[in-house]
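Hi,

Here is the structure I promised to pass on. Have a look at it first, and my notes follow below.

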Amino acid sequence: MVIFFDGNCPLCVREMNALLEHDSNKSLTLINLHDACALKAYPGIDKEKAMSILHGVDNQGRVLLGLDVSVMAWSLVGKHSWLRILRWPVIRYLADRAYLMFAKHRMKISSIFLKSLCTSNQCNRSSK
């Protein structure tokens, strides 16, 4: 699975690092949306859209969005199986709305919870 993430978002980077720590089968490829060279290999991914909602591409070439990406990624690394409840019909609706609110305000939320991780609105993917 390929995941396109905002490499300037401390919370996003933290989750990608956590996924990589558990990815013993090398099931994931992470693409920082701010890496223009890496994005060239994926012409079907619109950077602006991907900056507003997490994008992923599964092994069948299907584009996944938002929490569908997170749930599948954690499933692939064998962790947080409880996240599947976020895809149940009623919960899905509410979880997706909450995710979109988070995505829109991720930098502000990151600055509140992870002040020490990043400086100057930049984040290193290896930050923990």
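Which residue in β4 is the bridge partner of Val57? It is Val63. Helices (H or I, at least four residues) and strands (E, at least two) are DSSP runs here, numbered from the N terminus, and two strands pair if DSSP finds at least two bridges between them.

Before you go further: this is a predicted model, so local features need pLDDT of at least 70 and side-chain atom pairs count only at pLDDT 80 or more, while totals for chains, interfaces and linings use all residues. Residues are numbered from 1 along each chain as its sequence is written, and side-chain values use heavy atoms, with hydrogens and water left out.

**Overall**

The protein has 6 helices and 4 strands, and along the sequence they follow the pattern β-α-β-α-α-β-β-α-α-α. Of its 128 residues, 41% count as buried; buried means under 20% relative accessible area, exposed over 50%, and partly exposed in between (1.4 Å probe, protein chains only). Contact means heavy atoms within 4.5 Å. Among contacts between residues at least 6 apart in sequence, 64% join residues at least 24 apart.

**The sheet**

The 4 strands form an open sheet in the order β2-β1-β3-β4, with mixed pairing. β2 (29-32) and β4 (63-65) stand at the edges with a single partner strand each, so one side of each is left without a neighbour in the sheet. From one strand to the next, the twist averages 25°. For this and the other angles, axes are lines fitted to C-alpha atoms (for helices over the stretch in contact), and values run from 0 to 180 degrees between N-to-C directions.

β1 and β2 pair in the parallel sense over 4 bridges, and Ile3 stands opposite Leu30 in β2. Strand β3 (residues 55-57) pairs with β4 in the antiparallel sense, over 3 bridges. β1 is covered on both faces: Val2 and Phe4 on one side, and Ile3 and Phe5 on the other, are all buried.

**Helices on the sheet**

Helix α1 (residues 10-22) lies across β1 (2-5) and β2, and runs at about 160° to β1. Helix α4 (residues 67-76) also packs on the sheet, where it touches β1, β3 and β4, and its direction makes about 105° with that of β4.

How far apart are the axes of α1 and α4? They are 9 Å apart, and the two helices pack at an angle of about 25°. That makes α1 roughly parallel to α4 (under 35 degrees counts as roughly parallel, over 145 as roughly antiparallel, 65 to 115 as roughly perpendicular and the rest as oblique). On the α1 side, Glu15, Ala18, Leu19 and His22 meet Ser70, Ala73 and Trp74 of α4. By class, that contact has 4 nonpolar, 2 polar and 1 charged residues. The classes are: Ala, Val, Leu, Ile, Met, Phe, Trp, Tyr, Cys and Pro nonpolar; Asp, Glu, Lys and Arg charged; the others, Gly among them, polar.

The buried residues of α4 are Leu67, Val69, Ser70, Val71, Ala73 and Trp74, and they pack against β1, α1, β3, β4 and α5. Just after α4, Gly78 takes a positive phi of about 75°.

**Salt bridges**

The structure holds 6 salt bridges, each being a side-chain nitrogen of Lys or Arg within 4 Å of a carboxyl oxygen of Asp or Glu.

One of them joins the side chains of Asp6 and Arg106 (3.0 Å, N to O). Asp6 lies in the loop between β1 and α1 and Arg106 in helix α6 (residues 106-113), so the pair ties together parts that are 100 residues apart in sequence. Both Asp6 and Arg106 are buried.

Then there is a network of salt bridges that links Asp68, Arg87, Arg92 and Asp96. Arg87 sits in the loop between α4 and α5 (89-104) and Asp68 in helix α4, 19 residues apart. Asp68 also meets Arg92 (2.9 Å, N to O), which is in helix α5 and 24 residues away from Asp68. As for burial, Arg87 is buried at a relative accessible area of 16%, Asp68 is partly exposed at 24%, and Arg92 is partly exposed at 30%.

Cheers
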